[in-house]
Every structure is written in structure tokens, then in C-alpha cells.
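User: I would like a close look at one part of this model, with the surrounding context kept brief. Please give the cut-offs for the terms as they come up.

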Amino acid sequence: MKKLTLAAIAVCFALGGTAARAEDAGALLDLLVKKKLITDQEAEEVRGELIKESAETSAGKWKLSTPITELELYGDVRLRYNYDGGRTKSRGPTAAPGVGVAGADDWQERSRERYRLRLGLRGTLMDDWFFGLRLETNASPRSTNVTFGGDASPSSPGGGGPFAKGDDTVYVGQAYAGYKGFPDFTFTGGRMPNPLVTTLMVWDPDINPEGLAEQWKHTFTFNIGGGGGEAVQGYSKYSKEGKGVVAAQSEPFKLKLDLFANFGQFVYNGNINTNPLGTRPTVSASAGDATGQTGQEIPHYDAFLLAWQVGGRLTFPNNVYFQVAPVVYNYTGDGNVFNIHYQGGSPYVTNSASVAQNQTGINSLLVLEVPMEVGWKIGELPMRIFSDFATNFEADDRASAAGQSGQGSQRFAYTAGLGIGQLKEKGDWQIDIWYQHAEQFSLDPNLIDDDIFNAQLNMHGIAVRAAYNLSSAVNLTLTYAHGWQYNGNLGTGGVGQAATGINPLAQFNWFTADLNVKF
Amino acid sequence: MKLKHLAILIALAFGVTEANADRLVIKGSDTLGAKLVPQLAEQFKAQHPGTTFDIAAEGSTTGIAAIIDGTAEIGMSSRRAKSSEVGAAAAKGKHMKPTIVAFDGIAVIVNSANPIKGLTKKQVEQIFTGDVTDWSAVGGSGGKISVYTRNTSSGTYSDFKELAMKKRDYASGSQKMAGNEQIAAEVGKNPNGVGYVGMAYTKAGGIKAMPIDGAVPSTKSVQAHTYPYWRPTFYYTNGDPSGLAKEFVDFTVGSGGQRIVAQVGFVPIK
């Protein structure tokens, strides 16, 4: 009996005093039996007690299917105050002011109180498979926000009224599975977290692309120095005479090189009848007259976005690193939704006519993006410079198709900024400030972030974000952005969620105050 | 007259109680219940005249369920009770008390005509999960492998999954059999057959037990826990056994019972 008590104490001690991990006790009990400290029967009694206690705990009542080897529940809740304001131009053929009709120098402003919920489950399965599922509020690909009181109208689902639930709907944001059975490789299929290294300038972080992704990453580590050699010179201490004669540290420093490649084949526009009944449908006059596409056959094949990225991250001692990850995007076609040529608006038609031009076409886009980041520490303070550069090699064609021949030079987008601090533990803070510039024919307007400059191109400006960790799981984040039209002869293409109905967008202001709770 | 009826009723009631006291209901594992427990019961009856046994060997799951439901005094099991079963018992105010009655080795058997001399643990996993479907892939002379397993209520079925298959599913084409004897018989008839049985069933004709990573299922290797597919077998009771059940449990783990354990082909606990 004494031995049995000893065994139970040993097992409980090893398991941190909880019975929730009773199944882990097997190896320890087997060892005690092997050492003849207890008998098989005594081990069995201890095991039975632990299983009984475990079964009666909350955790013990959860049952997972056998193939699951690890499961993680995670997510976040965000409360947001959101101000956005957009201004029409002071010159040009804007319409005469009226109710809901933009005039010159007309501001549209809005304040919203919003929330978002993201609830995820991800895990690993036997034989190197994995899966993930995340539920999110809001059907938009570029937003997970729900506006309080936004569904009060009687026309809202459920009939509206105060505190209606018409827009408090949960959607499948991510649903993917993958395989990691080959060293350094990850294969993923489904609706997945963006596998690319990128920035807000090119991809809205809320977008979860659908399709296939293949990733490869390999780490090379170099030991440099170690009691002598060139690489150690930097560690040498100086004598009073200032000469590097004092013996170097014998500890070698390590240089780490991560090389990676990410490839994506994303279904951009699917569910198309490849062999429709009757004759092929054609572009209607209302949709195609402005771009000369009236009567053209509408594409009858799915459109795919293909991404090709290779990159590297070089990490030096003391958290100094440099990362670059060029990526090329091309499209296999326009599909039947994005086939009308992009125009992006014009300052030479009334504001409403400008908005009505095509803002989503994906014709003539072959984009190279080069995100880069350099990081270092001053004392214990992490700092980094980040940047991104993109150019559309087919901007001339895109501009011509938009009726803007000669504007093909509007092919570049770039951003650069400075980040100080890093959010990890309670009390940590972080500030990022950056400049962003995106020309009219440079990027896919359907993918760019919809917060900073309202998902519109031909805009440039500054943004600043400051965050403070109230705890390791809760932070307060303030973001402000101010942007303005870049090229006065072009519209500001794209469909934003704020400042709706304004194109060109002469100025745009954005402010959010977020309370983020992560779990 | 009424008094007489009452006396008869009381006598009947006592008579029934007396009869129940000499009757032991045991349900569960086919591994234990097909051979070992009936022989233990016969010996016990010889020492305890008037005792009767009601033994139903339909799989370990049924034995554990019988303890939870209170329809048996002893539940035979060739596997440990699952946490879900222990939880269900606790919810009904029952305490699943395990008593190890014997050790067993789950032997992987092939037809005696099969030229294979032994298997590795990896090969066993591949065969039973269907990763490998031809004997030539594991050193045999060729031929489509026929996998025989126990049915899902069997403790051996789940024990083998855990011990030998990393909890993976059985091959989709595997054939589920009701008991050890049926598996031994089928493998004995089929030159391409492979299955698993408790050690007590390896003496059947036409089959041979495979060494696993060089370890042969034997009394020595199982007692030393060096044979990879060794396992304890259990009686489960609701708390500490009492009355006739206690006497039978004590008899089973005692020297007389353990002699029978060895005779039947199981491995004694000491």
C-alpha cells in the first residue's frame, strides 16, 4: 500500500497534480513496474484512479477522434470604433449637390462602433496531415466586422429593429487541409490563410484565398568563428591602445539563412458553365460599351490567380535580420465576373458616372511584388524598416483598355515604413509609421487592403499605428491614415467599403481604436 | 390461511436470494471467456458445490457495459476500460475496479505454409492498415494478403490497433471474425491469410505465430514485457468485489487459478 501511495504521488507529481493527463501516466507507471517498485496490479489501480478522475473533469469529457494528434482552439474578439471620411474633388464635373449626390469639395463621413469574432480550430492528424477551420463574422472577403445597429432597417434580414441579428452571421472564413510528410514541404488545399509573404499594399490581411498552395522552407545555419578567425573580429575587445588584441569570445556566433518558396494556385472566379446551353453569352451594351467589349463572348472558363514566390531571410546574431521575398502574380483568365476591362473612374465625368465605371476587372495584370524587411535591436528595443515595391508589367495594356492610353507609366506601387517595439508580453508596445503609394494601373484593386486608403488605387499618403499590450492576450491599437489622390488626371480605382460613391477620392481619412482580445 | 401464504412468500423470497447467492453472472471478453474462464469456473464449482455460472463471451465492450448496467458481477476484458466507459460508470455511481487475472500476448499468425520467418512492427502496421497488400512487399513469395481481424466489440480489436497500428484504421478489405478460434481457423485454411489471436490460440492447426522484431510470444517474453504486443487481461467489478464474486476473483489470481491460466495458454501474473 505504501508503494502504491508512492506511485500515485509520483505520477501526480509528474503530471503537475492534474488528472487531466491521465493517459500520459502510462509510461511512468510502466517504468515503475519495470523497476519493480510496484506490481502490475498496483499500476493498474493507479491508472484506473487517474482515468476515473480524468473522466470526471471538464477536459476529460471532451472526446476527440482517433486520427487527431493535436488540436488547438483559438480566435479573437475585437471591439472597434471606426471613423472614415472621404472628400470629392474641388474641381471637375461633379454633379450639382443634392440629397445623396456628391458636390464639389463634399465630405462624406461616418462613425461606426463595430465588433468582429473569429473562432478557429486547427490541428494535426496522423501521418503528417493537418487541417484548419475558422469561423468569422461578415461575408466580405476583406472584412470581418459587424457594425452595431447596422441592421436596424426593416429591410434587414429578420425584420430589423434595435439589436437585430440580421448581420450577426457567422461564415466559414477558413477551411483547409494539408500534408507535411516530406521534409521542408507543406501542401495545403482549401480556403486557407494567405501562404505568401506580403504587405497591406497588395493583400488585405482578411482575405483567405481559395485553392492550392505549395510551400518549401529550409534553414541553413552557419557557425562562424569560435576562438578565432575573421568572423570573430567583430566580437574582439579592444585594449587600451585601441587595438584588437584581446582574445575573442570562444563562443561562435551563428548565421541563419532561411530560404523559402511559396506557390499558389487560387481559384479567382469559379462555378462557370464551361459548356452552357445554347449559344455563348456575350457582353451586353450596358456593360461593354464603355470599354468597347459589347458583343464579345463572355469567358466560359474559371479564372485562376497564380502566385510564384521565392525568398530568403538572413538572421545575424543579436536579432538582426534581412528578408526579401519577391513574388510574381499572373492570371489565367478573367472569368465571367471580372472580364469587363478595368477603368477605375475618371475626373472628367460626373462623380456618379466615374463610380459606375468598372473597378474590378483583372485584365492585363502581371505584377511583380518585392516585400523587404530589415530588423535590429537597440538595447532590448526591436526596430525594423519594412518596404514593398510592385510593378505591373502590363500596365500599358491595362491603361489603354481603360481608355487612358499614355498613362501606362502609372504602373508602380510602393510603401516604406519604420516599426519600433513588438507586442509579446503585458506592457509591450509597438509603433509603425509608413508611407504608401499605389498608382492606378499597378495592382489588383480587388486584393488591396480596404482600410488604409479605402481599397482604392491612385492614392498615396501616410499611416501610423500604435499598439499597447494590456496583457499578453489583450491590446489596444490606434490606427490613423490620411491619403489623397496621386494623379489628378485619373480616377481612384477600386471599390471601398467606406467613402462609397466617391471617385476620384480627393482625400481620405481613416481612424480606428481597437480593443483586441486574443485567445 | 393468510399466514400460510405469507410464510410461503417469505420462504420463496429467501429461496430466491439463496439461489442468487450461488449464481455468478460473468460477461465480456471472448479471449477470456471462450476457454479460460469456463475452465476456472469448472474448477471453482468443484470446490464450491451448488455454485452456478452464467458466462457470456461476446467481447470486452459487453463485459464493461454489463458492469455499468449492473447486469453482471464480473466483466471480463482483454483491454483497459476507456475513459468514456469509466466516466459513464461514474455517472451511474459505479466504480470500475480492474483486477489483472492473466497476461496475454497477441500473436500475429500466418498460414503454416507461408515462408515468412518473421515480421517487424512496421511491417505489421503496414499489413493490417492496408499500406501493404502483397506478401512480396514484406519478404514473402507473393500473393494478395487476406487480413482477418476481430469484430469491433472485441478488446483484442482495439488493443491491437493501439499496440500495433498506431491507432490507425484497419485495412478496408479486412474480414472481421467473431472470435480467436475463427481467426485461427480461417488463417489455417488460407495460405495468404494473416490475423492475430491471443497466445492461448496459437496451438491451432495450420498456423504459426510470427516473431515480431525477433521477439516470440512466450511466457517469458510476455512476463518480462519484452514482447511488443503483450497486454494484461482483466476482471472488472463494481468497486472491490464481495461475496461469491470476491471468492472467484481470489480463486483466479490464486495459485490454483493461475495454474489453469498457464494450462490454457495464458501467462500467469506471477
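User: Which residues have the most contacts inside the largest nonpolar core, and how many residues does that core have?

Analyst: This is a predicted model, in which local features need a pLDDT of at least 70 and side-chain atom pairs count only at pLDDT 80 or more, while totals for chains, interfaces and linings use all residues. Residues are numbered from 1 along each chain as its sequence is written, and chains are lettered from A and ligands numbered from 1 in the order in which they are written.

The largest nonpolar core has 78 residues, and Leu36(B), Val108(B), Ile109(B) and Phe266(B) have the most contacts inside it. A nonpolar core here is a set of buried Ala, Val, Leu, Ile, Met, Phe, Trp, Tyr and Cys residues joined through C-beta atoms within 7 Å. A residue is buried if 20 or more other C-beta atoms lie within 10 Å of its own, exposed if 12 or fewer, and partly exposed in between, with C-beta atoms placed from the backbone. Strand S4(B) gives the largest share of this core, 10 residues. Helices (H or I, at least four residues) and strands (E, at least two) are DSSP runs, numbered from the N terminus.

Leaving out residues up to four places away in sequence, Ile109(B) touches Ala184(B), Val187(B), Gly195(B), Tyr196(B), Val197(B), Thr202(B), Ile207(B), Lys208(B) and Ala209(B). Contact means that the C-beta atoms of two residues, placed from the backbone, lie within 7 Å. A second, separate core has 40 residues, including Trp203(A), Leu305(A), Leu443(A) and Met459(A).

For the complex, the predictor gives an ipTM of 0.75 and a pTM of 0.72.

The pLDDT, the predictor's confidence in each residue from 0 to 100, averages 89 in chain B, where 92% of the residues score at least 70. Residues 6-20 of chain B fall below 50, and this stretch has zero contacts in the model beyond near neighbours in sequence.

Elsewhere in chain B, helix H10 (residues 243-253) packs against helix H11 (residues 255-264) at an angle of about 60°, with the axes 4 Å apart. Axes are lines fitted to C-alpha atoms, for helices over the stretch in contact, and angles run from 0 to 180 degrees between N-to-C directions. H10(B) is therefore oblique to H11(B); angles under 35 degrees count as roughly parallel, over 145 as roughly antiparallel, 65 to 115 as roughly perpendicular and the rest as oblique. Phe251(B), Thr252(B) and Val253(B) of H10(B) make the contact with Gly256(B), Gly257(B) and Gln258(B) of H11(B).

Lys166(B), in the loop between helix H7 (155-164) and strand S6 (175-177) of chain B, has a positive phi near 50°. Lys166(B) counts as partly exposed, with 14 C-beta neighbours inside 10 Å.
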